[in-house]
Amino acid sequence: MSSIILRRLALSVPLLVVVSAITSLLESFVPGDPARTLLGINATPEQYEALRAALHLDKPFVEQYWLYLTGILHGDFGNSLFSGESVLAVIGQRLPVTLTLVIGATLLSTLVGVLLGVYSATRGRFSRRLIDVVSLLGSALPNFWLALMLMSLFAVRFQLFPATGYTPFAQSPGQWAAGLVLPVVSLSIGGVALISKVTRDAMLSTLARDHIRTLRASGVRPASIIWKHALRGCGMPVATAVGLSAIAFIPGSILVENVFTLPGLGTTVVDATNQHDLPVVQGAAITFTVLVIAVNLLVDVVYSLLNPKVRAA
Amino acid sequence: MTATDPLVSVRPRKRANPLAGIWRRPLTAVALAVVLTVTVAVILAPLLAPHPPLAQDLLHARSGPSGSHPLGTDDLGRDVLSRLLYGGRPALLGTAVAVGVYIVLGMTLGILAGYLRGWTDRVIVAVMDVMLSVPIVILMLAVLAIFSQSNVAAMLTLGVLSSAGLARIIRSACIGLREELFVDAAKVSGLGPVRIMARHIFPGLVGQLLVQVCLFSGIALMVQTGLGFLGLATPPPAPSWGGMVGEASQVIQQSPGLLVVTGGLIGLMSLSFGLLGDGLRDLDQDRRRGISAGARKPGRVPIAKETAETPDTAPDTGVLAVRDYSIAFATAQGPRTVVDSVGFTVHPGEIFGLVGESGSGKTVTGLSLLGLLAPGGTVTGGSAWLAGTRITGLPERELQRIRGKEIALVSQEPMVALDPYFTIGSQLGEVVRRTGGVTGGKDAVRQRVRELLTSVHLRDPDDVARRYPHELSGGMVQRVVIAMALAGSPKVLIADEPTTALDVTVQAGILDLLRSLRDERGMAIVLITHDLGVVADVCDRAIVMEKGRIVEEGPVEDIFYRPRHPYTKKLIASTPSIATTEGRIA
C-alpha cells in the first residue's frame, strides 16, 4: 500500500510545479505593475522600490519563480497585496469553512447516492427511470442556481434556515449546523447524481455475478445479499465516484460560498480576483491543488483497503 | 495523389451522418431544437428584443409579464426578455470559445498520440495526465485576476485545460481505427501520415467527437454563467445570463420569479446539451451494433395458464420429480423455448446425469429448480416437485426457505462462485447461521464450519476458513462451495458442471467426494455435464438432452451400450475417453 501512496505523491510534484508556474507566469502579464496598483499614485519612489524588491518584481521571471517556490517550501506564500496579511494566515483562517463544506457534501452525497442507487437497482423499472431523471437534472442544472432556489424556498419562503452568513461552531453549534444545511445540500446535488447512477449500474452488474447466485442458492437472506455482499462488490466503482464528486466539490464550493456568503476560501479567492490580489489567488490555487491530491490519495488508500488482493500483498 | 483515391473502395462504411435517426428519439430532437432556437434567438437579439437591454423604466420596475414586457421587468424596470436575449451573447460566446479550443486541441493531441504512438504518445499522455489533475476553475480565476473581466481569456483557459479529456477519448478511438483495413490500405498506397489522419482517421471519430462536444458545451455554459454570477466575466450593467441570476438573487424576497426565469433558461440550455450528448451517444452505439433506433425491447413470456396454474397431484415416487416441464426466454423476436416438455424423476441416494452440449437446456433446467433463472426466463409449462411439494410457481419468499435446506447448488466456475471480499469462514458461517440450524453462538458456528470443511476432505479447515477465495486453488474452492451447499443438509444437490473448470487430476477427487457424500448422506445429486466420461464414472441413471428435448433416458449402462438416438451415438463417438472406460461400465 505504501508504494501506491509514494507513486501518487511522486505524480503530485509535477502537478504542483505546473500550477505554481502557471500562476507565477501570469504575474508577468500584469498590466502596469502590482506595486504601483497597491501603493496608489502618492507613493514615494523609495516606497515603490522597496515594495518591488519585497515582491521580487525587480528580478527576471525564472528567479522570481524560484524565490516563490523556495518560499512556499518554507511556508512563505507571500503577503496579500491588498491587506498586507500573510497569505498563509489568510488560508489558515478560511480553509476550515471550505473543508467543512466539502467533507459535509461528500458524506451526504455518499449516503444519499448509495441509498438511491441500491433502491433503484433492486426495485422495478420505474425507480430506474427516476434515478435517470434525478441524475440528469442534478448534473445538468447549474449548482449556484439550485443553491439560490433552495435558499429562496427554505430560507426566504419557509424561513427554516438562515439565508446567508456563518456562525462559528464555538459560538453556537446549533446555529453553525443550521447555517450549513443549505450550502452542504446544494453542493452535494451533483455528487448525488453521479454516485447514485454509478451505484445503480455497479449494483446491477454485481447482482448478476456468480457468487451472488451461490449465496442465493445457499438460502442467504436478500437483505444480506444486497447490503453486505453486493454492495461490498460495488466498493471500487462507488469509491471512484465518491472521489470524483469530492474533487468536483472543491471548485463547486467557490460558487456555493459566494451564494451563502460563507467566509471560506472560495469567497476569499473571488474577492482577491476582483482586487488583482495575485499572491492570494496563487496561494488558493496551490491549496486547492493540494486538496485534489489529498482526495486522490485517499481514494487510492480506500481502493487498497477494499481489495483483499492488494491488501494481502 | 489525385482526387481519385484508390481507398474509397476499401473503406468499410460511409461516413454516417451522426444525426441520422434523431427524429425517432423525441427527447434528443427536442433538445436539439431548444439549443438551435435559443442560439439563433440570441444571435438575432438586436432584431428580436422588444427593448434595449439597458433601457430603464423605473415606473414599471419589477412588473409581471405584460404586453410590452412578455417576461416582466427587473429591479430597475429593464425588460427581462430583452436582457435574456442580449445576456445570452457573453454566455454562448464564451461557450463557443471554450468549445472551439477544446475541439482543435483535443482532436490534434488525441489523433497525434493515437496514430503516431511511440514517444509522441508518451509525451502527450504525460502532459494530459497533469492537465487532467489541474484544478481548472481556480486557474481561470487566476487568469481573471490578471485579465480583468475577460470572458474570452477565461474560457480559452477552460478550453485548453479541458481538452485533455477529449484527447484521451479520441486517442483510444484512434488506436482502434488505426488497426482497421482501410488505414492499412492507405499506408500501402503511399499516403503520408498527415493525409491519412485527416482523410481516413478523422471521419471515423466524428460521432464520438459530437457527443463529447455536446457534453462539454453544457459544462462550459455552466462555468461561464458561474463566472457571470460571481461578476467576474461581464462588467455590469451589461446583461449576462449568470449576472442576471446574481441580480435576481439580490431581490429574491421581492420577486422570486425572476430567479426562476433567469436560472431556468441556463438550466434548460445545459440540460439540452446534456440530453443531446446522451442521445447522440445512444444513436452512435445503436449504429455500431447495427440496430435501428426503434428496435423492440424483449417482451414478456406468456405463461400457458392451464399447465402453470392447474395443480396436479404429487408424484408418489422420487425426491425430485419433473413433469412436462418447459422454459422460455424473452427475446426481441418474442419468447424462445429453451426447454420443451421435459420430464424425469430422481430417487434418494441416486446420482442422476443431465447430459448434453451447451445450449441443450440442461443448466437452465437445473437453475430453474432453485428458482434462479436469469432475468427474462420463465417456466411456461409443467411442474417440478421436491419431496412431494410443488416448487414451480412458488413465490420468491417460499423459495428462499427451500434453497440451501431442501435443494442446493454447486456451480461451474469455482473461482467466481464465492464472494471475493469475504473470508471462507465468514461466508460459510453466514450460510450455517441461516440454514444450518445452529442455535449456539459464535463458537458453535465456528465448530460447524470446521465440520463442514472437514467433511469435504479439506486438510486444514481452520487455515482454509481464514483465507480469501483467491488464496485457494480451484479444487479447494470447489470443495468449499460443496461444503456451503451441504450446510443445510439438502435432500437434492444440483451440481452444474462441477469439474469442468478443474484440472483432470483434481476432477477425479471432486467426483469421488460427490460419490462418498451420496453414500454417507443418502442425498440425491443431479449432475449436469457435457462430459460422458464423468457420466460413465459416477452416474446411476441419466437423460440426454438436445435443443431442449430429452432424446435418451435410462440407466447409464443402457445409454452407453444400447444408445437408441443418433444424437447419443454421436456424443459417445465424439468422446474418446469412453472407449477406454467402457470396460468399467460393465
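**View 1. Parallel pairing of strands E7 and E8 in chain B.** In this predicted model, strand E7 of chain B and strand E8 (residues 524-529) of chain B pair in the parallel sense over five bridges, where helices (H or I, at least four residues) and strands (E, at least two) are DSSP runs numbered from the N terminus, and where two strands pair if DSSP finds at least two bridges between them. B:Ala495 has B:Leu527 of E8(B) as its bridge partner. From E7(B) the chain passes through helix H19 (residues 504-521) of chain B to reach E8(B), a β-α-β crossover that is right-handed; with the strands pointing away from the viewer, this term says that the path from the first strand over the helix to the second runs clockwise. Residues are numbered from 1 along each chain as its sequence is written, while chains are lettered from A and ligands numbered from 1 in the order in which they are written. Because the model is predicted, local features need pLDDT of at least 70 and side-chain atom pairs count only at pLDDT 80 or more, whereas totals for chains, interfaces and linings use all residues.

**View 2. Strand E7 of chain B and its covered residues.** Strand E7 (residues 492-496) of chain B is mostly covered, since five of its five residues are buried; a residue is buried if 20 or more other C-beta atoms lie within 10 Å of its own, exposed if 12 or fewer, and partly exposed in between, with C-beta atoms placed from the backbone. B:Val492, B:Ile494 and B:Asp496 point one way from E7(B), while B:Leu493 and B:Ala495 point the other way, and all are buried. Strand E6 (residues 407-410) of chain B runs parallel to E7(B) and is joined to E7(B) by four bridges, with B:Val410 standing opposite B:Ala495.

**View 3. Helix H9 of chain A, packed against elements of both chains.** Six of the eight residues of helix H9 (residues 210-217) of chain A are buried, so that the helix is mostly covered. The buried residues are A:His211, A:Arg213, A:Thr214, A:Leu215, A:Arg216 and A:Ala217. The buried residues of H9(A) pack against helix H10 (222-233) of chain A, and also against E6, helix H14 (414-417) and helix H18 (474-486) of chain B. Just after H9(A), A:Gly219 takes a positive phi of about 80 degrees.

**View 4. The contact between chains A and B.** In this view, 57 residues of chain A are in contact with 59 residues of chain B, two residues being in contact if their C-beta atoms, placed from the backbone, lie within 7 Å. Helix H13 (residues 278-306) of chain A gives the largest share of the side of chain A that touches chain B, namely eight residues. By class, that side of chain A has 35 nonpolar, 15 polar and seven charged residues, where Ala, Val, Leu, Ile, Met, Phe, Trp, Tyr, Cys and Pro count as nonpolar, Asp, Glu, Lys and Arg as charged, and the others, Gly among them, as polar.

**View 5. The open antiparallel sheet of chain B.** Four strands of chain B form an open sheet in the order E2-E1-E4-E5, with antiparallel pairing. Strand E2 (334-346) and strand E5 (389-390) of chain B stand at the edges, each with a single partner strand, so one side of each is left without a neighbour in the sheet. Strand E1 (residues 320-331) of chain B pairs with E2(B) in the antiparallel sense over nine bridges, and B:Val322 has B:Phe344 of E2(B) as its bridge partner. Helix H12 (residues 362-369) of chain B lies across E1, E2 and strand E4 (377-386) of chain B, running at about 75 degrees to E2(B); axes are lines fitted to C-alpha atoms, for helices over the stretch in contact, and angles run from 0 to 180 degrees between N-to-C directions.

**View 6. B:Lys362 and its surroundings.** B:Lys362 has its place in helix H12 of chain B and counts as buried because 27 C-beta neighbours lie inside 10 Å. Not counting residues up to four places away in sequence, B:Lys362 touches B:Leu354, B:Gly356, B:Ile528 and B:Met545. Although B:Lys362 and B:Met545 are 183 residues apart along the chain, their C-alpha atoms are separated by 6.9 Å.
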